[in-house]
Amino acid sequence: MRVRGRSAPDGTPTTTWVENTFSGTITHGDLIQAGNVFIRHLPGPQDWATELARQVLHLEGTECRRLLGHSLQRIDLSYSLVTEPGRAARKAGPAGRQLTETADAPGIAQYYRELDPGRLVITGAGGAGKTVLAMELMIALLQDRGAGDPVPVRIPLADWPSGIGLADFLADYLHKTYRWPKRKARRLVREQRVLPVLDGLDEMDPPLPNGKPDPAAPRARAALRAINGLHTGLRPGAVILTCRTEAYDTLAKGQHDPEARRLLDAARIEVERIEPTTALAYLTERAAEQDRWQPLLKRLAAQPRSPLARLLSTPWRLCLVARSYATDGDPAELTRFRDPEQLDRHLLNRYVPALLKPDPAQPAATARHHPADVHRWLHQLARHLATAGGGTESRAVLTLHELWRMRPRPARRVQTCAILLVGAVFGFLAPLLPLDHPADADLASTIVVWEVLALCYSRTPVARRPRSLRLSMTGWTWPALVFLLLMAVGAAALFHHSLPGHLPLVSAVLMPLSTLAAVSYVNPSKPARSPRTVLREDLVAGVVGGLLTGLGAPFGLGHDAHDIAVLAVAEGVFITLTFTGGLYQLHLAFLLASRRRLPLRLGPFLDWATGLGLLRLAGPAYQFRHRELQTWLAANPQPPALDA
């Protein structure tokens with residue numbers, strides 16, 4: 001706390017200013033007047049948590065609507081408490097529902113708030129709606145959040161790197177997904193202002209060859225140990241965890257220590273199958289052409305306990321049915337299926353082609369690509385996820401600016417060839433520059449020096465890190481930066497006056513700006529609008545840094561003003577295309593190297609597939625809509641023929 005006084009001419013204090021500071025920095029805040037005392041409130045962890053809550057609510061609300069297929073109808077899932085031996089959360093009710101609240105079945109938000117401690121495990125079969133239920137819980141908690149409540153943040157567990165602690169993993173996710181500075185992210189986590197919603201414990205380890213969960217599951221058990229070690233003082237820390245029932249039951253077996261078998265001091269709820277009446281109401285609502293759907297709807301209404309009715313008891317299968325037969329086909333053909341695997345295979349065969357057809361519910365979603373191409377591209381991405389961990393780790397998300405790792409060697413070869421090609425083209429065009437005086441030696445040295453630097457720099461890990469011109473500066477660094485720039489301008493003016501013609505004033509001003517652009521390659525501090533934002537900002541940073549460096553390069557070499565302007569532009573373009581291309585340059589090289597496997601406009605394609613419902617957003621990355629869809633695409637390089 002810093003107090004500043006303002007006195008009258010006679011020395012009598014008239015106004016007192018009180019500034020609150022955090023971590024030794026001063027930033028702008030709101031002024032609050034209390035009498036003749038003004039208190040400047042500076043944003044702290046509680047204010048940061050409020051801003052984070054706003055970001056999470058916007059992102060998760062949008063993604064939840066997309067997962068529901070842009071339908072106004074939501075399935076009211078029911079769940080029941082699973083009694084487990086040992087330590088469990090207190091005040092856990094026997095059952096509840098996702099949306100409706102009754103005396104015997106509270107809503108999911110009320111159910112969670114009554115738990116002591118706030119530890120909840122959501123289990124269920126594949127496609128039962130675990131993620132949707134967790135998202136509904138998050139949205140309800142955020143909409144009714146108190147000032148000191150932690151902010152629920154959903155995190156895919158499959159991307160938890162081995163050897164990284166839970167706190168570091170949470171802070172890094174806030175940094176990458178919501179673009180919070182690492183210092184603030186660590187403090188939010190350290191002060192327990194983040195409620196981790198850890199999604200997909202079963203996705204951390206690859207299954208056995210027969211498809212069953214691996215009993216060893218080293219990554220999942222290590223995650224359970226770390227989560228069980230989360231404490232707030234002497235109380236277990238709040239956390240929400242989702243996992244498939246079979247995988248969670250498998251983890252509970254064996255001779256491992258209790259912390260590696262299940263989440264302790266938690267209530268476990270099981271998402272129940274959808275009632276036949278609820279499933280029938282959902283399909284009736286989604287059926288745009290009632291006449292075509294009537295045979296199936298009548299069959300389900302007349303035989304609510306039939307094998308087909310039991311199969312259509314999960315949100316995932318209901319969504320597949322509604323979307324696969326949205327515009328054409330005979331839904332009544334589903335009555336011949338008795339086996340869940342055969343039904344899933346049949347629906348998935350129809351799913352991608354059906355999404356590419358015009359949907360009356362989504363007239364804006366038009367087909368841009370051929371169904372065979374879409375299937376082939378998605379197969380490559382799904383296969384990459386299946387093999388990215390070398391068989392030892394499971395991956396679930398596609399990070400656009402890291403997809404070059406699908407084909408690292410071809411991408412680097414194309415990048416090297418591109419740098420050499422730019423040098424050759426620049427050397428051919430250099431004599432054609434409209435210069436008043438020859439500058440062959442300067443141009444030759446520029447080509448050789450910057451090409452060598454570009455080839456060496458492109459092989460370093462630094463060149464593969466995202467860059468941005470958004471400076472994560474504290475309050476005191478801005479005045480320091482302005483002071484240094486003013487000093488540079490003053491020194492340049494004095495030097496120019498003493499030695500005219502050797503170092504023009506503009507060169508001394510441009511070089512500090514060039515240095516500023518170079519040192520500003522830091523990660524952004526504002527939330528990304530889409531996964532493509534990282535590459536866009538890297539491109540802007542590379543162009544600005546390259547042009548500013550090129551603008552300062554020809555000064556002090558004895559050229560006149562006209563030649564300096566021409567050389568500055570030419571060398572700036574050359575440095576941008578070679579040295580400062582960075583991650584965006586590598587991404588373009590990867591797309592060229594993979595042009596027969598993936599679309600050249602990969603980013604727009606992934607956004608389009610997300611809007612269509614094939615993918616979903618997972619923070620700053622993409623994720624397949626469902627794991628069954630990802631597994632099926634990885635196993636089928638070409639679209640199979642529809643079942644007869």
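Author: Happy to! Let's start with glutamate 51, which counts as partly exposed because its relative accessibility is 30%; buried means under 20% relative accessible area, exposed over 50%, and partly exposed in between, using a 1.4 Å probe and protein chains only. Please keep in mind that this is a predicted model, where local features need pLDDT of at least 70 and side-chain atom pairs count only at pLDDT 80 or more, while totals for chains, interfaces and linings use all residues. Residues are numbered from 1 along each chain as its sequence is written, and side-chain values use heavy atoms, with hydrogens and water left out.

Glutamate 51 has a salt-bridge partner in arginine 54, with 2.4 Å between the closest N and O atoms. A salt bridge here is a side-chain nitrogen of Lys or Arg within 4 Å of a carboxyl oxygen of Asp or Glu. Both residues sit in helix H1 (residues 45–67), three residues apart, or about one turn of the helix. Helices (H or I, at least four residues) and strands (E, at least two) are DSSP runs, numbered from the N terminus. An α-helix has 3.6 residues a turn, so residues three or four places apart point the same way.

Another pair to look for is arginine 350 with aspartate 328, whose closest N and O atoms are 3.3 Å apart. This pair links distant parts of the chain, 22 residues apart: arginine 350 is in helix H12 (residues 340–355), and aspartate 328 is in the loop between helix H11 (315–324) and H12. Arginine 350 is buried at 13% relative accessibility, whereas aspartate 328 is partly exposed at 27%. Some salt bridges share partners, and in this way Glu84, Asp249, Arg262, Arg268 and Glu270 are joined into one network. A search of the whole structure finds 27 salt bridges.

Now for the strands. Glutamate 270, a member of that network, is also the bridge partner in E13 of serine 80. Strand E5 (residues 78–82) runs antiparallel to strand E13 (residues 267–271), joined to it by four bridges. Three bridges join E5 to strand E6 (residues 95–97), again antiparallel, and tyrosine 79 stands opposite glycine 96 in E6. Two strands pair if DSSP finds at least two bridges between them.

These strands belong to an open sheet of seven, in the order E6-E5-E13-E7-E12-E9-E8, with mixed pairing. E6 and E8 are the edge strands, each with a single partner, so one side of each is left without a neighbour in the sheet. On average, neighbouring strands of this sheet are turned by 25° against each other, direction ignored; the axes are lines fitted to C-alpha atoms, and angles run from 0 to 180 degrees between N-to-C directions. For a parallel pairing, look at strand E9 (residues 194–199) and strand E12 (residues 239–244), held by two bridges. There, leucine 198 has leucine 241 in E12 as its bridge partner.
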